[in-house]
Amino acid sequence: MFDDQFVRSLPFDRSGRAGTRQVSGVAGSLVAPTPVAAPQLLAWIEDVAQLLGIASPPSREWIEALGGNRLLDGMVPYAACYGGHQFGNWAGQLGDGRAITLGEIKTPSGHRQELQLKGAGPTPYSRNADGRAVLRSSLRELVCSEAMHHLGVATTRALSLVGTGDAVLRDMFYNGNARHEPGAICARVAPSFIRFGNFEIHAARGDIALLQQLTDYTVREFFGGTATKPLAPADYLQFFYQVCLRTAAMVIDWMRVGFVHGVMNTDNMSILGLTIDYGPYGWLEPYDPRWTPNTTDADGRRYAFGAQPRIAQWNLAQLARALRPLINDDAALATGLDMYWREYTAGYRRMMLAKLGLDAGNRDEDDGLIAELLEIFALTEIDYTLFFRHLANVPSAPSADAKAAYAARVAPLRDAFYTAADVDGCAAIALTAWLDAYCTRAHASNADAERAAAMNRVNPLYVPRNYLAQQAIDALERNDASVLQQLLAVTRTPYTEQSNAAAFAAKRPDWARQKAGCSMLSCSS
Ligand code: AMP
Ligand code: MG
């Protein structure tokens with residue numbers, strides 16, 4: 001069932017030496033998970049199991065393997081070596097400090113998927129940390145990666161959540177308030193977990209031979225490169241362009257669903273354009289481009305919602321720099337970065353028009369309509385998810401009575417406002433004008449029912465808001481998995497209204513505004 005092609009294709013540190021250290025000249029280190037006290041299955045994603053050809057419910061052997069207590073036949077576990085730019089600065093070697101790939105699985109449909117444990121114990125790349133993950137962060141990774149998949153956003157996936165039975169010491173906000181928390185391991189799944197940082201580390205060390213080996217492997221395995229012909233600079237350039245395009249598509253989807261990654265360091269950027277490494281991520285509730293859930297980034301807001309498109313481009317520039325020795329053409333690499341931006345801006349416009357249920361029109365008018373809406377969002381707190389979802393129900397028919405028209409149009413939107421009075425107060429003038437323009441366009445293009453159906457395919461009703469994930473965590477810490485199960489269930493069909501699920505579509509309640517885990521998270525999340 002298992003393969004180890006990545007390990008077989010590239011040089012690896014096979015010393016088995018424990019202890020953190022610099023490891024050069026290799027793509028990673030062979031290292032086994034460290035066993036835990038009492039692996040216990042807390043969540044199981046059946047369709048991912050099916051994708052991998054694993055029977056559900058999992059056997060005791062599988063649960064032990066997913067807790068790191070047993071290796072199944074054919075598993076060759078390893079931690080990858082990578083570097084990265086953290087918050088804009090080169091950080092040198094990082095690597096899988098707590099993630100361990102168990103092996104590659106040849107799926108029944110003929111694809112290959114890597115199975116990786118996050119929180120499986122120390123590796124040579126653990127620096128001064130413990131290699132473990134706490135229940136809250138592992139649950140958040142599982143819930144969000146699955147939700148993203150069902151929202152249609154490119155992402156790594158999750159197979160299981162296994163409680164370890166061991167306590168993990170964490171200082172959640174790095175402020176001297178460490179406490180013991182339950183540990184858990186999330187098993188995640190992707191064709192590959194290779195990051196921009198895997199290329200950067202070899203380039204930074206001047207190991208061009210290994211850089212080329214890794215790039216050849218990546219191109220051949222994942223970007224349709226031929227196996228026999230040696231790759232040329234033009235092939236590497238095409239590869240870079242493909243990464244630019246995939247990254248643009250991913251970020252457009254993040255902006256569509258209101259996802260904030262929180263830590264877009266280059267070691268958290270997948271070469272396949274997948275959303276990867278769910279840490280202090282968050283979901284935009286009141287629309288605010290400067291919002292970030294990551295308290296570690298509260299001052300600079302480098303990775304805030306609205307900064308993500310430019311940061312992705314900055315990260316691509318670091319990848320370009322790493323690939324430069326293989327391509328030797330700065331102008332062509334710059335073209336890739338420009339291509340990313342063009343693709344992003346055109347795609348963003350298309351995406352926002354789709355959220356509005358409108359066909360593309362005059363470009364300046366389209367941009368104006370979008371920009372004016374975002375200005376209204378700045379006037380008062382308006383829930384990003386609910387606003388677009390409810391906009392589908394706004395009647396577009398013209399009316400001679402301006403007051404009555406506003407009342408009818410704004411009625412479906414009221415619930416998206418965090419301060420109800422602002423609908424008829426500070427937002428009223430701008431919103432009246434905007435709804436007039438919007439309804440005129442909408443009325444001219446489509447029947448309301450058609451527009452609503454199209455909008456409901458791109459504007460989700462259910463996203464795993466931070467406070468919902470926190471409620472699932474609080475319950476599971478009390479041994480109650482029901483909230484987690486409900487959250488997983490509603491986010492499986494995020495575009496379809498479900499009965500008895502109103503609680504999962506509610507805007508953030510007041511109590512969650514300043515609660516840890518709901519609006520504030522840190523890198524230790
Ligand atoms: P992140 O910001 O979560 O992507 O982590 C940056 C680096 O720190 C990665 O190389 C991680 O593997 C490593 N890291 C984070 N948390 C831990 C931990 N608890 N133990 C070991 N390494 C960690
Ligand atoms: Mg990371």
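Predicted model: local features only at pLDDT ≥ 70, side-chain atom pairs only at ≥ 80, totals over all residues.

User: Which residues come nearest to ligand 1?

Analyst: One begins with the surrounding residues. Here 17 residues lie around ligand 1, and Gly-95, Gly-97, Arg-127, Gly-131 and Asn-268 come nearest.

User: How many residues of each class does the shell around ligand 1 have?

Analyst: The shell has eight charged, six polar and three nonpolar residues. Domain 1 (2-196) and domain 2 (212-354) each supply at least three residues of this shell.

User: Which N or O atoms of the protein lie by a nitrogen or oxygen atom of ligand 1?

Analyst: A polar contact is a pair of N or O atoms within 3.5 Å. A backbone N or O atom of Gly-95 is 2.4 Å from an oxygen atom of ligand 1. For a nitrogen atom of the ligand, the distance to a side-chain N or O atom is 3.2 Å at Arg-98 and 3.1 Å at Asp-130. Taken alone, ligand 1 exposes 480 Å², of which the protein buries 85%.

User: Which residues coordinate the magnesium ion?

Analyst: For a metal, one looks for its donor atoms. The magnesium ion, ligand 2, is coordinated by Asn-268 through OD1 and by Asp-277 through OD, at 2.0 to 2.2 Å. Both Asn-268 and Asp-277 are buried. Asn-268 is also among the residues that come nearest to ligand 1.

User: How many aromatic pairs are there?

Analyst: Rings pair if their centres lie within 6.5 Å, and the count comes to 30 aromatic pairs. One of them joins Tyr-278 and Tyr-281 edge-to-face, with 5.8 Å centre to centre and 85 degrees between the planes.

User: Why do Tyr-278 and Tyr-281 count as buried?

Analyst: Buried means under 20% relative accessible area. Tyr-278 counts as buried because its relative accessibility is 2%, and Tyr-281 because its value is 0%.

Notes: Residues numbered from 1 in each chain as written. Chains lettered and ligands numbered in written order. Heavy atoms only, no water. Near = heavy atom within 4 Å. Polar contact = N/O pair within 3.5 Å; in protein donor to acceptor, adjacent residues only side chain to side chain. Areas by Shrake-Rupley, 256 points an atom, 1.4 Å probe, with all protein chains shown as cover. Nonpolar A, V, L, I, M, F, W, Y, C, P; charged D, E, K, R; others polar. Domains from an automatic or database assignment. Donors = N, O, S within 2.8 Å, 3.2 Å for Na, K, Ca; no water. Buried < 20%, exposed > 50% of the residue type's maximum accessible area, 1.4 Å probe, protein only. Phe/Tyr/Trp six-rings, centres within 6.5 Å; stacked < 30°, edge-to-face > 60°.
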